[in-house]
Amino acid sequence: MNNVKHEGVLVYIEQRESEIQNVSLELLGKGRELADKLNVKLSAAIIGSDIKNVEILNHYGADNVIVVEDKKFEYYITKTYAKALTSIINTENPEIVLIGATSIGRDIAPRVSARIKTGLTADCTSLDIDEEDNNLLMTRPAFGGNIMATITCSEHRPQMATVRPGVMKKFVKDENRESVIKYHSVDINENDMDVEVLEVVKEEDKKISIEDAKILVSGGRGVGNKENLSVLSELADLLKAEVSGSRAVIDEGLLEKDRQVGQTGKTVRPDVYFACGISGAIQHIAGMEDSDFIIAINKNKEAAIFDVADLGIVCDLNKVIPCLIEEIKSHKLKA
């Protein structure tokens with residue numbers, strides 16, 4: 001480790017088209033907790049063009065907001081953004097750097113960690129401080145999600161981690177927190193601009209991300225086949241919900257990978273979570289146990305999913321769901 005004093009927690013704030021992404025606000029919540037344990041400052045670093053409303057980053061827990069704003073950052077380009085974030089880190093010398101495990105975060109984080117010669121723990125689901133030596137404890141699934149590994153980076157600084165969206169809780173918004181905003185300048189030359197964005201084509205996708213859904217109808221191995229899954233889709237349509245699934249359903253090819261809930265999928269916190277034919281493997285429960293209300297349907301009364309359910313129905317889902325659909329339809333007709 002070099003002799004530079006590293007202090008403070010820094011969160012990279014991801015913005016797209018001037019809109020701050022939720023995962024960055026979630027990381028500010030965890031960053032606030034870590035900074036308080038270490039008794040240090042929490043900084044938020046944002047890079048872009050036409051950046052707006054940065055004061056909300058203070059409201060969500062940051063002590064300082066560091067802004068790099070230039071027309072050259074209108075589009076995300078790995079080389080320019082990595083240079084800017086590296087410059088911020090080398091100036092601020094934080095002890096901990098947190099980045100969202102989004103497609104952009106997974107691209108920029110390893111580039112920056114290589115430039116500043118430190119380690120990176122990717123795709124974390126839990127972060128804490130070791131009370132004995134103040135090292136960051138970075139926990140993530142390993143060996144296909146069968147075990148959880150806690151990793152430390154004791155020999156290098158800063159300690160860097162990417163964190164999955166939906167895992168951490170936001171800091172309770174406080175509009176009375178004072179805004180402290182600093183502007184940081186980065187020299188972007190022609191050599192840095194060796195990629196030109198000619199056109200941005202947005203993927204047409206009407207589906208809501210399962211992390212943002214208020215109600216999820218989730219299927220497991222007990223669903224059995226594609227035809228039975230269509231019944232779950234019908235229920236989801238009636239409830240204005242989204243369909244998701246356990247790893248077993250994804251492995252069978254019944255749903256796309258981005259619909260998977262669990263340690264090797266996504267972490268969700270909907271208002272209502274229907275667990276249909278899901279046994280309740282620990283890897284799945286880790287991704288949905290923070291849902292506000294869990295309804296479990298399983299014909300095995302010993303299924304572990306009932307241990308976390310608020311309402312449990314011991315029955316074949318293929319009998320229960322059609323009845324539930326008819327009941328909802330009948331209720332809507334009367335309304």
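Predicted model: local features only at pLDDT ≥ 70, side-chain atom pairs only at ≥ 80, totals over all residues.
Helix α4, which covers residues 103-115, has 13 residues and reaches 19 Å from its first C-alpha to its last, close to the 18 Å expected at 1.5 Å a residue.

- The buried residues of α4 are Ile-104, Gly-105, Ile-108, Ala-109, Val-112 and Ser-113. These residues cover an arc of only 130° around the axis, which puts them on the same side of α4.
- On the face of α4 that is turned away from its buried side, the exposed residues Ser-103 and Ala-114 are found.
- The packing partners of the buried residues of α4 include one helix, α3 (78-92), and they also include the strands β1 (9-13), β2 (15-16), β6 (96-100), β7 (120-124) and β11 (159-163).
- Just after α4, the backbone at Lys-117 takes a positive phi of about 55°.

**Aromatic rings**

- The count of aromatic pairs comes to two. Among them is the pair formed by Phe-73 and Tyr-81, which is edge-to-face, with 5.4 Å centre to centre and 85° between the planes.

How values were computed: Residues numbered from 1 in each chain as written. Heavy atoms only, no water. Helix = DSSP H or I, 4+ residues; strand = E, 2+ residues; numbered from the N terminus. Expected span 1.5 Å × (residues − 1). Buried < 20%, exposed > 50% of the residue type's maximum accessible area, 1.4 Å probe, protein only. Arc of directions from axis to C-beta. Contact = heavy atoms within 4.5 Å. Phe/Tyr/Trp six-rings, centres within 6.5 Å; stacked < 30°, edge-to-face > 60°.
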